Each structure stands twice: as C-alpha cells, then as structure tokens.
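Hi there,

Here is the structure I promised to pass on to you. Have a look at it first, and then read on for what turned up in it.

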Amino acid sequence: MLSGRRLDLLDPSPFDIEIEDIAHGLARVARWNGQTIGEHAFSVAQHSCVVEEIAAHIKPGLEPKWRLAALLHDASEYVIGDMISPFKSALGVNYKAFEARLESAIHVRFALPPKSPVAIKTLIKKADRACAYFEATQLAGFNKTESLALFGAPPAGYDLVIEPLPAPVAQARYLERYRILAEATGLTPGPDAWHTE
C-alpha cells in the first residue's frame with residue numbers, strides 16, 4: 001500500500017489497514033467498470049459517501065458507528081476492485097469468503113463488529129441499491145423502468161443529482177466523512193483534544 005503497509009490478502013490483519021489507503025484506492029476504482037458518462041468515472045469513494053448519506057436519510061438518528069459502517073461498506077474494494085454482483089456469484093464461495101475476511105479485518109480496524117447486525121446490513125443494502133438506481137439512470141444509460149426493476153424505488157423524499165468527481169476530490173471527501181464519523185464514534189480525538197490553555 002502507499003502508506004508502506006503490507007497487507008496479506010489471504011490473512012488480512014487490521015493492523016495493516018489504513019484509512020488513507022482505503023480512500024486513495026476507492027477514489028480510483030470506477031463504479032460500473034467505468035462505463036458511465038462524464039469526464040470522470042463515478043468512484044467507489046463517492047458512491048460510499050452517498051450510501052452513507054442515504055442510510056441516514058432512511059433511518060434518521062442512525063448512530064455514527066453505523067453510518068461509519070455504511071461509509072466502509074465497499075472498503076474491501078480498495079484492494080480487490082469493484083466487481084459486478086453476477087461475476088461475484090460466478091466466482092463462488094471462495095471469493096465470498098475471501099471478501100468476508102477482508103471486510104471483517106476492516107471492521108475490526110475501525111472498532112466495528114466483524115459482522116454488522118442483520119438490520120444494519122439490510123439498511124446499508126437498501127441505501128446501496130438506492131444509490132445504484134440514481135447511478136444507473138443518470139450515468140450508466142438505464143431508463144427509469146429498467147432501474148426500478150433492478151434496484152427498486154429510491155427512498156421517499158430523497159433525490160440526488162450525481163456529478164462524478166475527480167479522484168483527488170472524491171478521496172478528500174471520503175477522508176473528511178471518515179474523520180467526522182470517527183470523531184463522533186470516539187475513534188479519534190476532537191480538534192481541541194490537544195489544546196492547552
């Protein structure tokens with residue numbers, strides 16, 4: 001990794017996972033394998049920020065740690081890339097087990113349970129599908145009927161206009177969301193923690 005960490009993909013350690021590496025990688029991984037309109041790809045980093053926002057819209061008052069889980073829901077892709085769901089299924093159980101080990105290590109690194117509770121996983125999946133609806137209709141050439149059939153309707157009262165960001169901007173936004181949520185969950189000290197009179 002650019003941080004200098006060496007991550008064992010077959011036995012990932014939480015100690016070798018850094019948020020800066022995640023943000024850098026996700027900002028450079030394109031959703032829809034880059035088959036989107038616009039000057040810039042719609043990155044997994046930008047997608048993750050939107051999913052976190054949608055999850056909080058669906059469930060007002062969502063605890064910061066679960067908002068963090070939503071932000072990190074695709075974090076494993078900083079190493080393995082973004083594969084479409086049908087291809088993941090075709091790869092079978094070994095791929096899913098590999099991905100699950102990496103996701104667990106990421107969760108442990110950021111003080112989350114290795115596996116999210118079912119209700120949280122369901123919420124994040126719903127937010128993920130809502131984001132995919134907007135991506136499909138605005139960026140990937142799907143019409144609304146196709147998108148509704150594949151992803152369902154987005155949550156009531158939530159609308160989104162997607163402007164794909166350059167990788168450095170998406171990376172900075174991802175890191176900013178992480179820092180806000182990490183502080184809210186007690187993972188990092190606040191800006192005044194080291195201030196002395």
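Helix H2 is the main contributor to the lining of the second largest pocket, giving 5 residues. Please keep in mind that this is a predicted model. Two elements give two or more residues to the lining: H2, which spans 44-58, and helix H9, which spans 167-185. Sorted by class, the lining residues of this pocket are 8 nonpolar, 1 polar and 6 charged.

While you are looking at H2, please turn to Ser-48, which is found in that helix. Is Ser-48 buried or exposed? Ser-48 counts as buried, because its relative accessibility is 0% and the cut-off for buried is under 20%. A polar atom of the Ser-48 side chain lies 2.8 Å from the backbone oxygen of Val-44. Leaving aside residues up to four places away in sequence, Ser-48 touches Leu-26, Ala-70, Leu-71, His-73, Asp-74 and Tyr-174.

Tyr-174 comes up again in the largest nonpolar core, where Tyr-174, Ile-22 and Phe-110 are the residues with the most contacts inside the core. This core has 55 residues. The elements that give two or more residues to the core are H1, H2, H3 (64-71), H4 (77-80), H6 (93-109), H7 (118-138) and H9. Which of them gives the largest share? That is H7, with 10 residues. As a general point, nonpolar side chains tend to be buried together in soluble globular proteins.

Not counting residues up to four places away in sequence, Ile-22 touches Ile-17, Ala-75, Tyr-78, Ile-106, Phe-110 and Tyr-174. Ile-22 is also one of the buried residues of H1, together with Ile-19, Asp-21, Ala-23, Gly-25 and Leu-26. H1 is mostly covered, with 6 of its 8 residues buried. Leu-26, buried in H1, is among the residues that Ser-48 touches.

Now for the backbone. Most residues other than glycine have a negative phi. Trp-32 has a positive phi instead, near 60°, and Asn-33 has a positive phi near 50°. Trp-32 is placed in the loop between H1 (19-26) and H2, and Asn-33 lies in the loop between H1 and H2 as well. Just after H8 comes Gly-152, which takes a positive phi of about 80°.

Finally, a word on the chain as a whole. The chain has 9 helices and 0 strands, so its elements, by the DSSP assignment of helices and strands, read α-α-α-α-α-α-α-α-α from the N terminus on. Of the 197 residues in the chain, 44% are buried. Among contacts in the chain with a separation of 6 or more, 67% are between residues 24 or more positions apart.

I hope you enjoy exploring this one.

Best wishes

Note on methods: Residues are numbered from 1 along each chain as its sequence is written. This is a predicted model: local features need pLDDT of at least 70, side-chain atom pairs count only at pLDDT 80 or more; totals for chains, interfaces and linings use all residues. Side-chain values use heavy atoms; hydrogens and water are left out. Helices (H or I, at least four residues) and strands (E, at least two) are DSSP runs, numbered from the N terminus. Ala, Val, Leu, Ile, Met, Phe, Trp, Tyr, Cys and Pro count as nonpolar, Asp, Glu, Lys and Arg as charged, and the others, Gly among them, as polar. Buried means under 20% relative accessible area, exposed over 50%, partly exposed in between (1.4 Å probe, protein chains only). A polar contact is a pair of N or O atoms within 3.5 Å; within protein, one must be able to donate a hydrogen and the other to accept it, and residues adjacent in sequence count only if both atoms are side-chain atoms. Contact means heavy atoms within 4.5 Å. A nonpolar core is a set of buried Ala, Val, Leu, Ile, Met, Phe, Trp, Tyr and Cys residues joined through side-chain atoms within 4.5 Å.
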